[in-house]
Amino acid sequence: MTTDITVYWDDQMLDHEPPKGAFKFPFTPIVAVPEVHPDRRERVQNIRAMLDHAFGDIFETVSPDPASRKAIERVHDPDYLDWLVEFCADGGGRIEDTTTGLNEHTYDAARVSAGAAIAAAGQALDGSKDDGQEALPYALCRPSGHHAQPDCADGFCYLNNVALAAEAALATDGPADITADRVAIIDWDVHHGNGTQETFYDRDDVLFVSAHNDHGSWHPEYHPQEGSIEEFGEGDGEGYTLNVPLPPGTGNRGYEAFFERIVNPAITGFDPDLILVSAGQDAGPSDMNGRNIVTREGFRKMGDRVQQLADETADGALALIQEGGYQPSHLSFATLGVFEGVLGRTVDLDGYGTGDPFEFLDEPTELVDEWLDQAVDHHGKSPVFA
Ligand SMILES: [Zn+2]
């Protein structure tokens, strides 16, 4: 058997559970039955079922070590971490009026989740050979990470997994034998990876490219970033944050154009040693936290693109870090698409074939192109396009 995918996973990541409410918001008596928070366990349980069904013969599961305090402090403020530990020890709960909630297990689950991302980045750098084939490292993270900022939790995120993975890859005492000089992060989660942006905003050793809905700031204290094209990095980092807001309804064609016009030239110009993907598949149709309509086929193309880019620029060093995706069934189809693209292997599913059952809307192509034109005009100033 060849191992084509290494899945970093541990059941401890199921122990985290945010409080119920009215969808993701605090409870109100106008809702008769409190609703399970959208960051429900079924999300990742379904991805695991998909992996078993579609790739059962070619993946192995590795239980990661929880990230050490030292590794976590490469990104996060010690005072915030102390608060997080204590908040969980006290039983957790919702953070003020936000959509972010914790239980007593959240910190431990988040440490394992971060450890998964760090291990995946280490494997990508060192390469993992089995019968001459390199396995794709995939961190099946829960909780997700990309909204977590150095000094606060945000969204459904507590520790920034992808930022911790990038820092570990750049550290001389990181998990890999090889130390990276430059890391590129491609964030296709439908929300802006504001925590990742915040971590590397004044740095030129990490390129951050994010496509997202134009949701703007959603909390003055916990999420002040807008995700606009004007948030472009500062100091040494000017031009190394490339935000690409996309209008509601953007689908496969729009994301392909995003890769063609922005991701491909930016990554090629930056020439990273490692590509990390913040792989949240909540740009899918019917995602209650997104407004876009990318199908399995669209995710297949994105998977194919990142693999090609990793081969062309980073000696194949690529790791996928799971972020969001909240329609529990579609998340499996979408994530299957990503793996099909990366591995170049299409899976014929009983009853579904190679298609996507959630394919039912057309894309507003002119509007998508207009917004992409604006991003391309603005981002041309980045040193990576020089
Ligand atoms: Zn998201």
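Modeller: Let's take helix α10, whose buried residues are Val-368, Trp-371, Leu-372, Ala-375 and His-379. Buried means 20 or more other C-beta atoms within 10 Å of a residue's own; exposed means 12 or fewer; partly exposed lies in between, with C-beta atoms placed from the backbone. Helices (H or I, at least four residues) and strands (E, at least two) are DSSP runs, numbered from the N terminus. The model is predicted: local features need pLDDT of at least 70, side-chain atom pairs count only at pLDDT 80 or more, and totals for chains, interfaces and linings use all residues. Residue numbers start from 1 along each chain as its sequence is written.

Down the axis of α10, the buried residues fall within an arc of 100°, so they line one face. The arc is taken over directions from the helix axis to the C-beta atoms. In general, an α-helix has 3.6 residues a turn, so residues three or four places apart point the same way. On the other side of α10, Glu-366, Glu-370, Asp-373 and Asp-377 are exposed.

Now its length. α10 has 15 residues and reaches 21 Å from first C-alpha to last, close to the 21 Å expected at 1.5 Å a residue. The expected span is 1.5 Å times one less than the number of residues.

What covers the buried face? Among the elements over the buried residues of α10 are β10 and α7. Contact here means C-beta atoms, placed from the backbone, within 7 Å.

Start with β10. An open sheet of 8 strands runs β2-β1-β7-β12-β11-β8-β9-β10, with parallel pairing. Two strands pair if DSSP finds at least two bridges between them. β2 (59–62) and β10 (241–246) are the edges, each with a single partner strand, so one side of each has no neighbour in the sheet. Neighbouring strands are turned by 15° against each other on average, direction ignored.

Then α7. This helix (residues 252–270) packs on the sheet, touching β8, β9, β10 and β11 (274–279), and its direction makes about 170° with that of β9. Axes are lines fitted to C-alpha atoms, for helices over the stretch in contact; angles run from 0 to 180 degrees between N-to-C directions.

Last, the segment after α10 (365–379) holds Pro-383. Pro-383 has 14 C-beta neighbours inside 10 Å, so this residue counts as partly exposed. Pro-383 and Glu-73 are 310 residues apart in sequence and 29 Å apart in space, C-alpha to C-alpha.

Methods: Two residues are in contact if their C-beta atoms, placed from the backbone, lie within 7 Å.
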